[in-house]
Every structure is written in C-alpha cells, then in structure tokens.
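Take a look at the sequence and the model below. What follows is a tour of the spaces inside the fold and of some helix pairs.

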Amino acid sequence: MRILHLLNHTTQSNGHVHAAVDLACEQSRLGHVVAVASGGGDFDALLVRNGIKLFTIDHRRKARTLLGSAWALRQAVGSFGADIVHAHMMTSAVLAWPICKLAGIPLITTVHNEFEKSAILMGLGTRVIAVSAAVGASMRRRGVPAAKLRVILNGTIGSARLANRETTPVTLASPSILFVGGLHPRKGLADLFAAFDLVHRQHPQARLHIVGDGPFAQTYREMVAGLSCHEAVRFEGSKADPFPWMRGADIFVLPSHADPAPLVLPEAREAGCAIVATRVDGIPELLEGGEAGVLVPPRDPDALAAALSRLIAEPDAISHWRGRSQYRVDHLRIARVARETLDLYDEAALQLGRKAGSVLPRTG
C-alpha cells in the first residue's frame, strides 16, 4: 500500500508529530511504501533513514500560502500514487479533503487534540481515528458520525524514534518524583506544586524533578519560589530523551487537566515507573483503568498529595506499582497501533470501492 502522511511539521516538540512519525516508520518497516508531506523539521533525517519519501508542504495559515500548498499537495498525491492519505492535523485535513474527494482516495484523519475547537474539522475524513475512547466519545458529542469513528489507542513502545535510546538511569536521590511534559496550564503543574508542598512537609527528603519547557516556565519557577518546598524542586529543562530520567525516578506523576492520550505514559510504563496520574480523557485507558497506575481526580492537590505520600510512606508501595506498570504493557507497542491502522485503511478503501489487493501481508 502507498501511504501518504500529512502533518504541519516534523518538529519534535509536539506529541502528534511523535505519533505520526512512529506510525509512518512502522508502516515502512512492515513493507509498505510510505511518504510524509509536511513543512519539515527535526525528524526528517529519521524518516529518510527508515525509507520514507519526503514532500515539502507549507501549512502556514495564509490564503496565498494555502492555495500554493493545495496545488503542491495535489502534485504530491499524484506523483507518489497514494492509495491512502492520512492527515494528522486540522490544516492538513482541510488541504487534503478536496484532493482526496476528486481523486476517490480515502482520507484518514487522526484526532490527537480533541480539546481544540478546530478538531471538528477532522470529521472530513472517510474514517476518523480517535486516539482514545474518551476522544471518540467527545467527537461523537461534537457531531462526527459514529460510523466514521474508530478508536486506536496511542502506543509508542518499540518505535523507530526510540530505537537505540540511552537506558542508563539518571541518578536521583530517593524518594524522587518526576514530571515530564510541556510547561503550560493544561498539564496541571500548579496542582502538582501545591500537592508537593504538602508532601514535602510530611517527607522532607522527597524531591520533585520537572523535565520540560514551555511558555509558562518562568511563571512556574516564580510560583515554586513562594512555596516552603522550593529547595526540593528542580527544573531540569527540556531533554532530547527523558527516558533515563524515567528510569531513575521512583514515581512518575502526570497531573493533567486535559490529555487525550499522552505518549509519555507508555514511555513511563516501559521505564518501569510507579505512576500517579489524573483520571481525565485517555489517561485511564493508558493505565488500564488504574491497574497499571494510581488514578486521582484532576484539579485536586489534596488527593494528589495523599496518593504521592502513600507511595512514599508505605513499605514496598513503590515497588508494587513499578511491577503493576508492566500489566498489559505490550498493548502499548507501535506494532499494534500500525496493525489496527492498516486494517482501518482497508475498511476505508473498500467503502470507496477501491482495490485492496495492494495491501501487503502484515506481521509484527
């Protein structure tokens, strides 16, 4: 099958880019002919090493630019001979929809960030992938027909992007609590700081490490400076690969207010962390409904503090939840995501009456 992935860029700062790159590389590994059309970015070299053809499509939202981009995409679809176009962001879906419609090619869209108002435009797809059941339910409420929607839970373990990564743990004083992610309000960092202030009063030996960067970095530094626990909080900055930090931490914490299906959780589970996270959106699905990690209510620093304190205080609790992180962890492998996505391509192609004979046998 000839598969063309379409996304705004390939810069590594966005989770939807990571998911699209992982999927494209796995599909290429399985023997399909894969291309990526985007504005370019950090992962282009990785894509080329994995046998993926690149097209440059400018996604900047300016009328003149988008007209040129639509023409360039039409040329790319034709020259590549795409059987499937898979759009990962709203601008990509809008650019691809008329081209696929005229060519009779299935357009697959993936809803990565359903909390954005523009996500409704992903309903333009012949089939619409929701990265968690929570996202699927949200899109149905917003008017996307259930007949179009399919849930394919995010998973990233075993992806080419993460191959040959450093696995030696960073040495952290125990008990260590780690957050990895963007520094903005949706991730619930204000709740985490308030919770850790409570934890630190009971367990002054505890340390909190913040790995990541974002537009609110200085705001959060100032927030922490006013807390009694300020000397126990370390802002570690952005890391090209946070996996060694996960390997070294006792507890991984994700206090999000909204998170459709964060890829950081499969990574934390692969690293064998004890995990505490909020019960929002796709997080419970990635933690097996609480079987693979402790779930707490969102926007509730007291509940978060209580969960973290219990893990620190109870003998063997951290070891217990480290072990529980491995429960059904293989379900979060990229091989499963690729298989389910390829099956969906077949379904969409059959709907449009296209031949499915070009699909190669799939393994892995």
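The report goes through pockets and cavities, and then turns to helix packing.

This is a predicted model, so local features need pLDDT of at least 70 and side-chain atom pairs count only at pLDDT 80 or more, while totals for chains, interfaces and linings use all residues. Residues are numbered from 1 along each chain as its sequence is written, and side-chain values use heavy atoms, with hydrogens and water left out.

Let's start with the open spaces. On a 1 Å grid over the protein atoms alone, a pocket is an open set of points with protein on both sides within 12 Å along at least five of seven lines, a cavity is a set where a 1.4 Å probe fits but cannot get out, and lining residues have an atom within 4 Å of a point. A volume is the space filled by probe spheres set on the points, with points joined across faces, edges and corners.

The largest pocket holds about 1,300 Å³ of space. It has 49 lining residues, and Gln-12, Ser-13, Asn-14, Gly-15 and His-18 are the closest to its centre. Helices H1 (15–29), H2 (44–49) and H9 (264–270) each bring at least two residues to this lining, and H1 gives the most, with four. (Helices here are DSSP runs of H or I with at least four residues, numbered from the N terminus.)

The second largest pocket has 13 lining residues, with Trp-97, Lys-101, Leu-124, Thr-126 and Leu-352 closest to its centre. Helix H4 (residues 90–103) has the largest share of that lining, three residues.

Around the largest cavity sit 18 residues, and Ala-19, Leu-23, His-112, Asn-154 and Val-337 lie nearest its centre. H1 turns up here too, giving the most to the lining with four residues. The second largest cavity has His-88, Met-89, Thr-110 and Met-122 among its lining residues.

Here are the volumes and the lining classes together. Ala, Val, Leu, Ile, Met, Phe, Trp, Tyr, Cys and Pro count as nonpolar, Asp, Glu, Lys and Arg as charged, and the others, Gly among them, as polar.

| Space | Volume | Lining by class |
|---|---|---|
| Largest pocket | about 1,300 Å³ | 22 nonpolar, 15 polar, 12 charged |
| Second largest pocket | about 200 Å³ | six nonpolar, four polar, three charged |
| Largest cavity | about 140 Å³ | nine nonpolar, eight polar, one charged |
| Second largest cavity | about 70 Å³ | five nonpolar, five polar, one charged |

On to the helices. Axes are lines fitted to C-alpha atoms over the stretch in contact, and angles run from 0 to 180 degrees between N-to-C directions. Under 35 degrees counts as roughly parallel, over 145 as roughly antiparallel, 65 to 115 as roughly perpendicular and the rest as oblique.

Helix H3 (residues 63–80) packs against H4 at about 60 degrees, with the axes 10 Å apart, so the two are oblique to each other. Among the residues in contact (heavy atoms within 4.5 Å), Leu-66 and Val-77 belong to H3, and Leu-95 and Ile-99 to H4.

The axes of helix H6 (residues 189–202) and helix H7 (residues 217–225) come within 11 Å and cross at roughly 20 degrees, which makes H6 roughly parallel to H7. Leu-189, Ala-190 and Phe-193 of H6 touch Tyr-220, Met-223 and Val-224 of H7. By class, that contact has six nonpolar residues, with no polar and no charged ones.
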